[in-house]
Amino acid sequence: MNSTPGWLTALAESARTMPVPRRMRPPETGGRESAVLILFGEGESGPDLLLIQRNEGLRRHPGQPAFPGGRIEPTDASPEAAALREAAEETGAEPDGIDVVGRLPELYLPFSDFRVMPVLGWWRRPSDVRPVDIGEVAAVSRVPVADLADPGNRVQVRYGGDGAWGPGFRVDGMLVWGFTGAVVDALLGLGGWELPWHREGLTDVFEATPHGLRPVG
């Protein structure tokens, strides 16, 4: 049986107290409690991360790459239980092959009013993954950390008319941005994987129209 690698144990310890950007700090009260699973495994190209691409027809975050996860239900014993359940429901990842390693600080998504508990996991015994809940998930990918760290895959993303921007990654046919992009960016730095890259120019994911913002492309 493979134990959790030392690099992930060290990452979990650093991530537990990582600084949280002001716009992602949860309010004192309110917000819907949710959890996501940040699942690291060992792939053919080294460590990788499990990501999903959300269905284009969803009301919230349509078509956006994300970590598996969702709302914490009353029947969930903990955020960890919720994250594992959601990952199984969305991708088929088997919970008994995953070791929970730790948590990141709670984060907040103002757009959807979710308080998110990111749960860090190690894929001790990987299982086949695929879109299981096809109403929610369009695709499932194991993305190598090396691809995320590659300076050629990194971009700055502008979210819309308010001028907000953040880190993005063009990997496996996806543009990873927003909440997921910010978390991946932080983990690359904490894990010692980040490489120098050109922080020049902006990639727009929304554009202004007379009727508000709409996705580019």
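Residues are numbered from 1 along each chain as its sequence is written. Local features need a pLDDT of at least 70 and side-chain atom pairs a pLDDT of 80 or more, whereas totals for chains, interfaces and linings use all residues, and side-chain values use heavy atoms, with hydrogens and water left out.

The predictor's confidence in each residue is the pLDDT, given from 0 to 100. The protein chain averages 89 on this scale, and 88% of the residues score at least 70. Residues 207-215 have a pLDDT below 50. Beyond near neighbours in sequence, that stretch has 15 contacts in the model, a contact being heavy atoms within 4.5 Å. Where pLDDT is low, the predicted coordinates should not be read in detail.

Strands here are DSSP runs of E with at least two residues, helices are runs of H or I with at least four, and both are numbered from the N terminus. Two strands are said to pair if DSSP finds at least two bridges between them. β1 covers residues 32-43 and pairs with β7 (residues 114-123) in the parallel sense over 9 bridges. Along this pairing, leucine 37 stands opposite valine 119, and leucine 39 has glycine 121 as its bridge partner.

A hairpin of 2 residues joins β1 to β2, and glycine 43 is bridged to glycine 46 in β2.

Glutamate 33 belongs to β1. In sequence, glutamate 33 and isoleucine 72 are 39 residues apart, but their C-alpha atoms are 5.8 Å apart in space. Leaving aside neighbours within four places in sequence, glutamate 33 is in contact with Arg71, Ile72 and Arg115.

β5 (residues 98-103) pairs with β7 in the antiparallel sense over 5 bridges, with valine 100 opposite glycine 121. β6 and β7 are antiparallel as well, over 3 bridges, and here leucine 109 stands opposite phenylalanine 114.

How much of β7 is buried? Of its 10 residues, 10 are buried, where buried means under 20% relative accessible area, exposed means over 50%, and partly exposed lies in between (1.4 Å probe, protein chains only). In a regular strand the side chains alternate between the two faces of the sheet. In β7 both faces are covered: Phe114, Val116, Pro118, Leu120 and Trp122 are buried on one side, and Arg115, Met117, Val119, Gly121 and Trp123 are buried on the other.

Two aspartates in loops come next. β6 and β7 form a hairpin with 4 residues between them, and aspartate 113 lies in the turn. Although aspartate 113 is not a glycine, its phi is positive, about 60°. With a relative accessibility of 30%, aspartate 113 counts as partly exposed. Aspartate 172 is found in the loop between β10 (165-171) and β11 (174-176). It too has a positive phi without being a glycine, of about 50°. Aspartate 172 is exposed, its relative accessible area being 55%.

The last topic is empty space inside the model. Rolling a probe the size of a water molecule over the atoms shows where empty space is left. A cavity is a set of points, on a 1 Å grid over the protein atoms alone, where a 1.4 Å probe fits but cannot get out, and lining residues have an atom within 4 Å of a point. Grid points are joined across faces, edges and corners, and a volume is the space filled by probe spheres set on the points.

Searching the whole structure gives 1 cavity of 30 Å³ or more. The volume of the largest cavity is about 30 Å³. Its lining is made up of Phe40, Leu49, Val145, Leu148, Val184, Leu187, Leu188 and Trp193. Helices α3 (145-149) and α4 (178-190) each supply at least two of the lining residues, and α4 gives the most, with 3. By class, the lining has 8 nonpolar residues and no polar or charged ones. In this classification Ala, Val, Leu, Ile, Met, Phe, Trp, Tyr, Cys and Pro are nonpolar, Asp, Glu, Lys and Arg are charged, and the others, Gly among them, are polar.

How values were computed
1 Å grid on protein atoms, 1.4 Å probe; cavity = no way out; pocket = protein on both sides within 12 Å on 5 of 7 lines; lining within 4 Å.
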